[in-house]
Amino acid sequence: MTDKIIAADVIVCSPTRNFVTLKVTTADGVVGYGDATLNGRELSVASYLRDHVAPLLIGRDPARIEDTWQYLYRGVYWRRGPVTMAAIGAVDVALWDIKGKTVGQPVYQLLGGAVRDRILAYTHATGWETAELIDQVVATRERGFLAIRAQAGVPGLDNVYGVHKGGGEGYEPAGRGVAPVEEVWDTDAYIRHIPGVLEQVREHVGPELKLLHDAHHRLTPQQAARLGKALEDVDLFWLEDVTPAENQDVLRLVRNHTTTPLAIGEVFNTIWDAQHLITEQLIDFIRVAIVHAGGISHVRKLFALAEVYQVRCGPHGPSDVSPISLGAGLHLGMATPNFAIQEYMGYDPLVSEVFPHAWSFDSGYLTPGDAPGVGVGFDEVLAARYPYEPAYLPVARRLDGTMTDW
Ligand code: CS2
Ligand code: MG
């Protein structure tokens, strides 16, 4: 028997970037944390939680995780969508955290126990020029990474998703200010340039290093098929988000033309968003993040569906997914046989101070640690020193000025 929930507080803070955190407290003083961060739409999830969900949690039994999930999902007429599902996800993770702390076990033990010892991680390397990218990939490998996402600049453009001309990560974190900056994008120039870049990276690093690349939803189906084909010799671990995720049947055309593995799903929020892609085996990796798809309880079902169709899991884990969600994903990863890899961009040291965590990275792999619950804390006093600041990802227009996919 666990005591009832007596408080559900929502804290929005910005230690280098914005995070939305749900803190659930039980009558006997157990505290569970959930992440509800939705990059660029943080306050809408905070309001959804504060104004509509928190009052429903008071007096509930925190042990009834699945029932609470069903209550919050089915009990509202307006289902799905990133705001709703991030809010439900935060509650779900907070309740798993409480359950783990109550029984003194890390969450992965409650999910069936470990099926692996550690979780392969990939991080990002970027360079505007090819030589710069190669240097970054090599330096990243020296930091211990065995899998690296490589993003490069494109001649003629000033900015490319994930890369800045002057060096460093583009867009991470999102730029501060009340409106996004606008950039110019040219898919044709990108497709002409990127295969040669990645070929040179592969040639330099040899066959063993796992290389990944993210196209960020910017290609037509035909362009995606051509790119996948052009990259076959690079032997990518995956090619991510080639086309926008709404029109899913186009992936069949891409698949019919290339054996380059496809990953998709960071913008998905439910099992139903991914169902067709999985059951039709149109993708190789599903990328939903715990935070954006209803938490551990729901993502576990999605990953189980993927297992049936030999689709592997490689969750979204940029630095806008807070250390709480990363931790929650690692517990699920420990207990999920078809889990392949976790994206891990790392965090600014200040973020790790605000969210002290039991999970750790070592020699290419992440482990969730054995602290009871999710194993990620939240320093509210420190967080209060960094209040919310509006920040947005850039938007992109084509050469003729029309908006394009982000
Ligand atoms: C990216 C993200 O990590 C990735 O694969 O696509 O950086 C994405 O752009 C951001 O999370 C959006 O908030
Ligand atoms: Mg991506």
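The largest pocket has a volume of about 980 Å³. It belongs to a predicted model, in which local features need pLDDT of at least 70 and side-chain atom pairs count only at pLDDT 80 or more, while totals for chains, interfaces and linings use all residues. Residues are numbered from 1 along each chain as its sequence is written, and side-chain values use heavy atoms, with hydrogens and water left out. A pocket is an open set of points on a 1 Å grid over the protein atoms alone, where a 1.4 Å probe fits, with protein on both sides within 12 Å along at least five of seven lines. Its volume is the space filled by probe spheres set on the points, which are joined across faces, edges and corners. Lining residues have an atom within 4 Å of a point.

The largest pocket is lined by 39 residues. Closest to its centre are Asn 39, His 216, Val 267, Leu 393 and Trp 406. By class, the lining has 17 nonpolar, eleven polar and eleven charged residues. Here Ala, Val, Leu, Ile, Met, Phe, Trp, Tyr, Cys and Pro count as nonpolar, Asp, Glu, Lys and Arg as charged, and the others, Gly among them, as polar. Strands β18 (391-392) and β19 (395-397) each supply at least two lining residues. Strands (E, at least two residues) and helices (H or I, at least four) are DSSP runs, numbered from the N terminus. Domain 1 (5-104) and domain 2 (110-374) both contribute to the lining, so the largest pocket lies between them. The domain bounds come from an automatic or database domain assignment.

The second largest pocket holds about 200 Å³ of space. Of its 14 lining residues, Thr 187, Arg 218, Gln 223, Arg 398 and Thr 404 are the closest to its centre. Its lining divides into three nonpolar, five polar and six charged residues.

The structure holds 16 salt bridges. Each is a side-chain nitrogen of Lys or Arg within 4 Å of a carboxyl oxygen of Asp or Glu. One of them joins Asp 214 and Arg 149 (3.0 Å, N to O). Asp 214 lies in strand β10 (residues 210-214) and Arg 149 in strand β5 (residues 147-152), so the pair ties together parts 65 residues apart in sequence. Both Asp 214 and Arg 149 are buried, that is, under 20% relative accessible area with a 1.4 Å probe and protein chains only.

Glu 240 is in strand β11 (residues 238-240), and Arg 287 is in the loop between β13 (285-286) and α10 (295-308), 47 residues apart. Arg 287 also forms a salt bridge with Glu 343, with the closest N and O atoms 3.0 Å apart. Glu 343 sits in strand β15 (residues 342-343), 56 residues from Arg 287. Relative accessibility is 0% for Glu 240, 1% for Arg 287 and 2% for Glu 343. Glu 240, Glu 266, Arg 287 and Glu 343 are linked in a network of salt bridges.

Helix α10 has 14 residues. It reaches 21 Å from its first C-alpha to its last, close to the 20 Å expected, taken as 1.5 Å times one less than its number of residues. Its buried residues include Val 299, Leu 302, Phe 303 and Ala 306. Gln 310 follows α10 and has a positive phi, near 55°.

Terms used: Chains lettered and ligands numbered in written order. Buried < 20%, exposed > 50% of the residue type's maximum accessible area, 1.4 Å probe, protein only.
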